[in-house]
Amino acid sequence: MAFLLSLAVESEGILMDKICVEDGYSRAISLREEAETLQKDLQAAHRRLHDKSTTKREWLGWLKGATAEKAESRRLQETAEDIRSRCDAFVVVGIGGSYLGAKAAENMFLSPFHNEQADPSQNTPRIYWAGHHLGGQYLTRLLKRLDEQEVAVNVISKSGTTTEPALSFHILEDYLIKRYGKEEASRRIVVTTDPEKGLLKKMAREKNYPSFSIPTDVGGRYSILTPVGLFPMAVMGIDIEAFKKGAEDAFCEYEKEGLSVNQTWRYAAFRHLWYRRGKKIEALVHYDPRLYFFGKWAQQLFGESEGKEEKGLFPVPLQYTTDLHSMGQYLQEGKRHLIETALWLEEAEDEPRIKEDLTEDDELYYLAGKTWKDVNEKAAIGTRQAHSEGGVPSIFIRIPSLTPYYFGALSAFFMKSCALSGYLLGVNPFDQPGVEAYKKQMFRLLKKPGYTI
Ligand code: PA5
């Protein structure tokens, strides 16, 4: 399937059957013409990413898409199949970029009731998460829940030293060894980490745990196309080949130069122009709960990539219409420092239908015979109109359907847009020096050797 992403504006009546970005407008101000003034800056940013001779390339591995050798991809699938056939509980341990991509995939492709309904004959184990916070009671309860099940654990940490996953894995490893013995535990633990360095790599070598590598030139929040995202997705039974293909096609498309042909340029340009006009917050909104964790993934991507040197839009994921009943007032009439980027799914699957034969005295008579999507779509268009009239510029991203292919394409779209946005802003989109500050204070308080002042 060829991937194309094109920009269109609703008022021009262009029909869209591809993933599609519509530009932001607010109170009839459109930035399409102004965006042209950014062509040169965008070209410089683009070339900085693609020019192999001059760019420092140590963090740009993600631009190549999924790069594992065939044999390695086969080993990943086989290990996933082994877990699917032997286990009914799969625990993913990780935080930040080592967690949110796989979590977004679970949210998109497994039923929200998957863990309640899991049918062993379907081979997709129940999925549990750990290491993504320091809530201790959660882990106690998780261990109790695991007691009745056959368990496998995938610990994911590029550095191998992040406190939350390290601590949670410490408990889970101990649990597995006590329950199954060392040898059997080593058949139930899979490590995803740096190819050479770090404690986790050392542990995997010493204890003979199967391991997968995160390429050194790919940072956490850009790692969804590495085993960080791919291995848990394979255990969930998601078509990772389609996911990789979607990303590959999209990256290929985004190698083109020019605002009219490269939609990542357009998205980066619009959000940058609104930022320059004083907007401080980007609400990343969606109208389907399957996109909830994709919103969290995109939040991390932009937040950690742009938020530095006192710059950057503050990204806030919101779920509509849910959050219109909690944040709608603020969005419509609160401080005008927001833009809104909406993800809209074109295809509706498996939705209930509203009855045809409602009578006039029924309060919902005006909806008789409509689809669920009709209602949701009018909510989306109406919200966009109301918010833009209220001074919140809106950018609309249409996604044809929520398949692994489009998930791959969308991930590529956001990563590329984010890298361009960081360069437009004049920051390095690949580091996160600020994250260390809280860790230093925490380690000092915990009296970690080397941190006592
Ligand atoms: O994007 C990032 O680099 C971070 O969010 C990391 O993914 C996160 O801190 C987890 O790091 P690690 O994989 O080293 O445990």
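Colleague: Where is T321 found?
Modeller: T321 is in the loop that runs between strand 10 (314-319) and helix 14 (328-333). Please bear in mind that this is a predicted model.

Colleague: Is the peptide bond from Y320 to T321 cis or trans?
Modeller: The bond from Y320 to T321 is cis, and its omega is near 5°.

Colleague: Which helix holds E333?
Modeller: E333 belongs to helix 14.

Colleague: Is E333 buried or exposed?
Modeller: E333 has a relative accessible area of 60%, so this residue is exposed.

Colleague: With which side chain does the side chain of E333 make a polar contact?
Modeller: The partner is the side chain of Q329, at 2.9 Å. E333 can also be compared with V392: in sequence the two are 59 residues apart, while their C-alpha atoms are 9.4 Å apart in space.

Colleague: Let us change topic to charges. How many salt bridges does the count come to?
Modeller: The count comes to 27 salt bridges. In general, side chains of opposite charge can pair when their charged atoms come close.

Colleague: Which residue does R221 meet in a salt bridge?
Modeller: The side chain of R221 meets that of E304, with 3.1 Å from N to O. R221 lies in the loop between strand 8 (211-213) and helix 10 (227-235), whereas E304 is in helix 13 (residues 292-306), so the pair ties together parts that are 83 residues apart in sequence.

Colleague: And is R221 buried or exposed?
Modeller: R221 is buried, at a relative accessible area of 4%. E304, by contrast, has 24% and is partly exposed.

Colleague: Which residue forms a salt bridge with R290?
Modeller: That residue is D288, and the closest N and O atoms of the pair are 2.9 Å apart. R290 has 23% relative accessibility and therefore counts as partly exposed. D288 has 15%, so D288 counts as buried. The cut-off matters here, because buried means under 20% relative accessible area.

Colleague: Which residues are linked in a network of salt bridges?
Modeller: D82, R86, E150, E184, R187 and R188 are linked in such a network. Within this group, E184 pairs with R187 in a salt bridge whose closest N and O atoms are 2.8 Å apart. R187 counts as partly exposed, because its relative accessibility is 46%.

Colleague: Which residues form the negative surface patch?
Modeller: The patch is formed by E347, E349, D350 and E351. D350 is exposed, with a relative accessible area of 83%.

Colleague: Returning to the backbone, what is phi of E309 near?
Modeller: Phi of E309 is near 55°, which is a positive value in a residue other than glycine. E309 is placed in the loop between helix 13 and strand 10. At 54% relative accessibility, E309 counts as exposed.

Colleague: What is the phi of K447?
Modeller: K447 has a positive phi of about 60°, although K447 is not a glycine.

Colleague: Where is the place of K447?
Modeller: K447 is in the segment after helix 17 (435-445). With 61% relative accessibility, K447 counts as exposed.

Colleague: Does T124 count as buried or exposed?
Modeller: T124 counts as buried, because its relative accessibility is 14%.

Colleague: With which side chain does the side chain of T124 make a polar contact?
Modeller: The side chain of T124 contacts that of R84, at 2.9 Å.

Conventions:
Residues are numbered from 1 along each chain as its sequence is written. This is a predicted model: local features need pLDDT of at least 70, side-chain atom pairs count only at pLDDT 80 or more; totals for chains, interfaces and linings use all residues. Side-chain values use heavy atoms; hydrogens and water are left out. Buried means under 20% relative accessible area, exposed over 50%, partly exposed in between (1.4 Å probe, protein chains only). A polar contact is a pair of N or O atoms within 3.5 Å; within protein, one must be able to donate a hydrogen and the other to accept it, and residues adjacent in sequence count only if both atoms are side-chain atoms. A salt bridge is a side-chain nitrogen of Lys or Arg within 4 Å of a carboxyl oxygen of Asp or Glu. Helices (H or I, at least four residues) and strands (E, at least two) are DSSP runs, numbered from the N terminus. Patches are made of residues with over 30% relative accessible area and no salt bridge: like charges are joined within 9 Å, nonpolar side chains (Val, Leu, Ile, Met, Phe, Trp, Tyr) within 5 Å. Accessible areas come from the Shrake-Rupley method with a 1.4 Å probe; for residues, only the protein chains shown count as cover. Lys and Arg count as positive and Asp and Glu as negative; His and the chain ends are not counted. The place of a charge is taken as NZ of Lys, CZ of Arg, CG of Asp or CD of Glu.
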